[in-house]
Amino acid sequence: MPDHTLSFAQGILTERFGSGEDIIAMATVQDGRPQVRNVTAYFKGDSFYVLTFDKSGKMGQLSQDNSIALSGRWFAGHGVALDLGPAWEGDNEALAQPLKKGFGQWASDSHSGAGQQVRLLRLKLSDASFYCHGAKYTVEFP
């Protein structure tokens, strides 16, 4: 694998998923079974960032096992989900900002009528495979 593969992968993933309006599939594990859903996410560095409610099913699943699998346009990867806390507090606000494009007003609401709080998840990649110009690339993230 060429030395440039990691930086090349980061460039391709940022190009494909850096807008804050992209939909990817995110799988978690519950009782030994995969659970998959589509989420709006954006890529930066070595991670995707996602907004969710603190009482969502995915948050309950991640509290038991934070392993994840992801897929999107000609991309698949594995990693762990890290709860960064309330989306609009402290350093999280700058990280969550790009997601306002995909979520609109919902992203600005810090609570719903049910008292749920919007959280920021970091989906840190451990490995990924993707296709670009007819070639397959596989990369390990540090």
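This is a conversation about how some features of the predicted model are classified.

Colleague: What should I keep in mind about the model before we start?

Modeller: The model is predicted, so local features need pLDDT of at least 70 and side-chain atom pairs count only at pLDDT 80 or more, while totals for chains, interfaces and linings use all residues. Residues are numbered from 1 along each chain as its sequence is written, and side-chain values use heavy atoms, with hydrogens and water left out.

Colleague: Why is the pair of W74 and Y131 called edge-to-face?

Modeller: Rings of Phe, Tyr and Trp (its six-membered ring) pair if their centres lie within 6.5 Å, and planes under 30 degrees apart count as stacked, over 60 as edge-to-face and the rest as tilted. The ring centres of W74 and Y131 are 6.1 Å apart and the planes stand at 80°, so the pair is edge-to-face. This pair links distant parts of the chain, with W74 in the loop between β4 (67–72) and β5, and Y131 in strand β6 (residues 118–132), 57 residues apart. Helices (H or I, at least four residues) and strands (E, at least two) are DSSP runs, numbered from the N terminus.

Colleague: What makes W74 exposed, and how is Y131 classed?

Modeller: Buried means under 20% relative accessible area, exposed over 50%, and partly exposed in between (1.4 Å probe, protein chains only). W74 has 63% relative accessibility and therefore counts as exposed, whereas Y131 has a relative accessible area of 39% and is therefore partly exposed.

Colleague: How many aromatic pairs does a search of the whole structure find?

Modeller: The search finds 9 aromatic pairs. One of them joins F43 and F48, and it is edge-to-face, at 5.1 Å centre to centre and 65° between the planes. Both F43 and F48 are buried, and F17, F43, F48 and F75 form one aromatic cluster.

Colleague: How do you know that the charged end of R73 sits over the ring of F17?

Modeller: A charge sits over a ring if NZ of Lys or CZ of Arg is within 6 Å of the ring centre and within 35 degrees of the ring normal. The charged end of R73 is 5.3 Å from the centre of the F17 ring, and the charged end of K100 likewise sits over the ring of W88, 4.9 Å from its centre.

Colleague: Why is S56 called buried, and which backbone oxygen lies 3.1 Å from a polar atom of its side chain?

Modeller: S56, in the loop between β3 (47–53) and α2 (57–64), has a relative accessible area of 16% and is therefore buried. The backbone oxygen is that of F53.

Colleague: Why is G18 called partly exposed, and how far is G18 from P98 in space?

Modeller: G18 has 32% relative accessibility and therefore counts as partly exposed; G18 lies in the loop between α1 (5–17) and β1 (22–30). G18 and P98 are 8.4 Å apart in space, C-alpha to C-alpha, although 80 residues apart in sequence.

Methods
A polar contact is a pair of N or O atoms within 3.5 Å; within protein, one must be able to donate a hydrogen and the other to accept it, and residues adjacent in sequence count only if both atoms are side-chain atoms.
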